[in-house]
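Biologist: I want to learn how to read salt bridges in a model. Can you take me through some cases?

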Amino acid sequence: MHVSTRLRFLILIPLLGSAYDPQSQANRTKRLYNPLVQLVNFPNDPCTGSVTSLTGICYSPDECSGISGGYADGKCAQGFGVCCVVRVGGCGADVKQNSTHIQNTGYPSPFSTATTCSYTLKKLNSEICFFRLDFVSFIFAGAQSSSKQECSVDYMEFTTPSSKDPPKICGYNNGQHLYMDASKGLPDSNPVMKMTFTGSTTERYWQIRVDQIPCGTVYTPPQGCMQYMMPTSGNVKSFNYGLDDENYHHLDSQDYAVCFRRAAGHCKIAYIPSNEGESFYLSFTPSTPTIKSRAGESGCPADFLVIPGGSDAQNGQATCSSPSPNTAPNFGRFCGRRLNCHSDSASNSAIFSEVLPFIIHVEFNGSEGSPSSPASVDNKNRGFSLNYYQYRC
């Protein structure tokens with residue numbers, strides 16, 4: 001949410017005088033000064049700090065110095081303003097300023113205390129619809145194979161008073177984001193995010209930017225979208241996708257929607273696994289090591305992605321297959337170790353959808369691990385990392 005700043009400057013303009021003083025030793029021309037007041041307005045737009053490289057807001061120097069945690073990190077508005085980066089350190093706080101970066105005590109050093117940290121997100125006004133959380137840095141203990149890949153050592157939980165809460169998350173989530181409903185029209189109803197740390201040896205890091213999103217803007221997500229991808233192409237990952245195939249696992253009990261803002265003149269979207277390791281790996285276990293895909297309701301009864309009307313045909317009619325003998329032009333559920341609308345395929349394929357609005361739904365249940373020993377075996381399901389592309393009509 002951005003407003004504007006008005007600065008008032010006093011400018012002294014010299015005017016040449018016509019009087020001549022013969023008694024003046026230097027015979028100098030007299031100068032008369034005519035004071036003028038100039039008003040300078042500039043929008044409080046986002047900016048990037050020149051030292052921290054963090055996102056700030058363009059304010060006047062006086063405004064920035066009056067904000068708790070405000071740091072003037074370079075110039076903006078043609079030098080009239082400063083890029084004000086707001087950082088709040090510590091374990092818990094009331095977050096009242098737009099574009100505040102909350103970070104652990106001592107950041108960028110780690111935080112190792114066993115404790116609970118709670119942050120209440122305070123709306124600027126009753127017309128704020130969402131809070132957007134951008135995880136500049138988010139490194140907690142990951143999901144535990146001994147507890148069905150549940151976040152049980154470190155975790156972040158969310159409370160949104162008037163809507164469905166985002167799922168519990170943990171692990172490695174640098175670069176991820178999510179939206180929390182802000183209870184429009186209810187000024188005293190504010191969402192809360194709480195971090196719980198149960199061990200004193202784990203090194204955790206967090207720096208999270210909190211932006212307040214007004215209703216009715218071009219960057220306001222549709223209701224019900226926990227993530228909102230605004231470029232026409234990009235990448236979307238499951239939480240705790242991490243850095244390698246061996247040490248990271250998708251989280252249990254995930255149920256949320258990822259929405260994609262449709263660009264003008266675009267009618268189709270495609271999803272294809274990225275080149276980041278096992279970039280589509282859901283629902284399989286070490287006891288079924290075959291690299292193959294699954295599609296449809298009969299093929300994906302547990303963990304899966306919903307891609308409405310998904311098929312492998314960019315143009316024309318497709319024929320997709322779920323476990324025999326089910327075939328259809330398209331399916332909605334996709335899982336397994338490859339992304340393909342044909343079950344038992346060993347290769348990935350782009351999945352296209354023309355269903356509007358562009359959306360995928362993530363559904364991971366709470367029963368991870370091997371069927372014979374669900375609480376003790378790591379099934380190596382890393383999750384997904386999908387590149388997406390919108391296509392013109």
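Biologist: Is glutamate 354 buried or exposed?

Modeller: Buried means under 20% relative accessible area, exposed over 50%, partly exposed in between (1.4 Å probe, protein chains only). Glutamate 354 is exposed, at 55%. This is a predicted model: local features need pLDDT of at least 70, side-chain atom pairs count only at pLDDT 80 or more, and totals for chains, interfaces and linings use all residues. Residues are numbered from 1 along each chain as its sequence is written, and side-chain values use heavy atoms, without hydrogens and water.

Biologist: Which residue forms a salt bridge with glutamate 354?

Modeller: Side chains of opposite charge can pair when their charged atoms come close. The criterion is a side-chain nitrogen of Lys or Arg within 4 Å of a carboxyl oxygen of Asp or Glu. Here the partner is lysine 268, with the closest N and O atoms 3.3 Å apart. Lysine 268 lies in strand 18 and glutamate 354 in the loop between strands 25 and 26, so the pair ties together parts 86 residues apart in sequence. Strands (E, at least two residues) are DSSP runs, numbered from the N terminus. Lysine 268 is buried, at 12%.

Biologist: What does arginine 337 pair with?

Modeller: Glutamate 278, at 2.6 Å between the closest N and O atoms. Both sit in loops, 59 residues apart. Arginine 337 is buried at 15%, and glutamate 278 is buried at 14%.

Biologist: How many salt bridges are there in the whole structure?

Modeller: The search finds 12. Arg132, Asp134, Arg209 and Asp211 are linked in a network of them.

Terms used: Helix = DSSP H or I, 4+ residues; strand = E, 2+ residues; numbered from the N terminus.
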